[in-house]
Amino acid sequence: MELQKAFAEINLKALSHNLNVVSKRTRNSRILAVIKANAYGHGAVKVAEHLIRKGVSNLGVAYTNEAITLREAGITTPILVFFDRDNIDACLEYNLTPTVFDLETARKLSAGAYRINKQIPVHIKVDTGMGRIGFDIRKAFEAVTAISSMKNIKLEGLMSHFSEADLKDKEFVNLQLTIFRSLAEKLKHHKISFKYLHMANSAAVLTMPDAHLNMVRPGIMLYGYGGCNIDKLKPVMSLKSSIVFLKKVPAGTPISYNRTFVTKRKSTIATIPVGYADGYNRKLSNHGEVLINGIRVPVTGRVCMDTTMIDVTDVPGVNYKSEVVIMGRQGREQITADDIAEKTGTIPYEVLTSVGQRIKRIYR
Ligand SMILES: Cc1ncc(COP(=O)(O)O)c(C=O)c1O
């Protein structure tokens, strides 16, 4: 029984296509697929399983609990945890690879691994200009040297993150890359080397071949976005719904909270069962569009928590069976996460990751 009032259709073929785009561009680098935040809203377990079937050998998540969910689903692939600290026992128990960005955590990891007679692989994060997480580049050499002497730690990766690889002007990111490379060189000179060196997010995969090093960390491009859509990436997620209420109203009828929309003519107004609690941003009030029968239909009045009203007066044959496409393609029309992001003053990342938990993900 189809209980869901709205659902996200996840197109696994599109996911494979986008992975192929990454592979073709990064032939000499290993791909670490970024599936944090529930695979950017697409469903981490299913996305991980599919990517692994297609040959991905490394995964990346933000937090330890995300990695545990994957392990508990039976995924044994190496998982790099980007932003956590102090979850030493969980890292060891679940065979996770922590990103290390402070000496205290490194010491605790080494001690924990020693207790169970293990060596724990880690990736060390250095801050080359992102200003978020990582050893200060001025102290990075000493820090890495100190960690390299910790017996139960295996230095597997050295990593950093670009702050603006999506911009045309590459001056700053090239500087970041140079700084990173010279640290890696200096460490190598002192006999400290890493299996993987990595910096490249999607934008760098697409536009900075020099930054691919021997591992890349694409996220958004796997899901079909990435600003510079030069490789014809395919959006993986579509959001679909139906009509829960349909009414004919005279001119002068106010619609939704605060009466910000009043019908100017005899109108047919539909209510769709998706609201801001499902990730349909309230900024789309009187501003958004959805697709019905291949026609663009405007949002009327304020988006509510669970529902949104749309003006379907100009859609011939609209009825309770009509499919409503909130994001995706219908006929010749398409609404992308980029389009929604532009209307709501954000980025496609936020549009995708905001899709609520009530929305069932269906994999095709
Ligand atoms: C550490 C790290 N690496 C890689 C990525 C992937 O970035 P993108 O989705 O832009 O490819 C992210 C995402 O923000 C990240 O935080």
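User: How many cavities of 30 Å³ or more does the structure hold?

Analyst: This is a predicted model, in which local features need pLDDT of at least 70 and side-chain atom pairs count only at pLDDT 80 or more, while totals for chains, interfaces and linings use all residues. Residues are numbered from 1 along each chain as its sequence is written, and side-chain values use heavy atoms, with hydrogens and water left out. On a 1 Å grid over the protein atoms alone, a cavity is a set of points where a 1.4 Å probe fits but cannot get out, whereas a pocket is an open set with protein on both sides within 12 Å along at least five of seven lines, and lining residues have an atom within 4 Å of a point. Counted in this way, the cavities of 30 Å³ or more in the structure number 2.

User: Which elements each supply at least two residues of the lining of the largest cavity, and how much space lies in it?

Analyst: Helices (H or I, at least four residues) and strands (E, at least two) are DSSP runs, numbered from the N terminus. The lining of the largest cavity includes Asp 84, Ile 88, Cys 91, Pro 98, Thr 99 and Leu 109, and the elements that each supply at least two of its residues are helix 5 (88-93), strand 5 (97-100) and helix 6 (103-115). A volume is the space filled by probe spheres set on the points, with grid points joined across faces, edges and corners, and for the largest cavity this space is about 80 Å³.

User: How do the residues that line the second largest cavity divide by class?

Analyst: About 40 Å³ of space lies in the second largest cavity, and among the residues lining it are Leu 32, Asn 58, Leu 59, Leu 80, Thr 97 and Met 215. Strand 3 (58-61) and strand 4 are the elements that give two or more residues to this lining. Ala, Val, Leu, Ile, Met, Phe, Trp, Tyr, Cys and Pro count as nonpolar, Asp, Glu, Lys and Arg as charged, and the others, Gly among them, as polar. On that basis the lining of the second largest cavity divides into 6 nonpolar, 3 polar and 1 charged.

User: Which residue of strand 5 stands opposite Leu 80?

Analyst: Two strands pair if DSSP finds at least two bridges between them, and strand 4 and strand 5 pair in the parallel sense over 2 bridges. Both faces of strand 5 are covered, with Thr 97 and Thr 99 buried on one side and Pro 98 and Val 100 buried on the other, where buried means under 20% relative accessible area, exposed over 50%, and partly exposed in between (1.4 Å probe, protein chains only). The residue of strand 5 that stands opposite Leu 80 is Thr 97.

User: Is Thr 77 buried or exposed?

Analyst: Thr 77 lies in the loop between helix 4 (64-72) and strand 4 (79-81). Not counting residues up to four places away in sequence, Thr 77 touches Ile 52, Ser 57, Asn 58, Leu 59 and Arg 71, a contact meaning heavy atoms within 4.5 Å. Because its relative accessible area is 11%, Thr 77 counts as buried.

User: What separates the C-alpha atoms of Ser 163 and Val 173?

Analyst: Ser 163 lies in the loop between strand 8 (153-159) and helix 8 (171-189), and its relative accessibility of 31% makes it partly exposed. Leaving aside residues up to four places away in sequence, Ser 163 touches Gly 129, Met 130, Phe 172, Val 173 and Gln 176. Although Ser 163 and Val 173 are 10 residues apart along the chain, their C-alpha atoms are separated by 7.1 Å.

User: How much space lies in the largest pocket?

Analyst: Helix 2 (36-40), helix 9 (202-207) and helix 11 (348-353) each supply at least two residues of the lining of the largest pocket. By class, this lining has 16 nonpolar, 8 polar and 7 charged residues. The space in the largest pocket is about 740 Å³.
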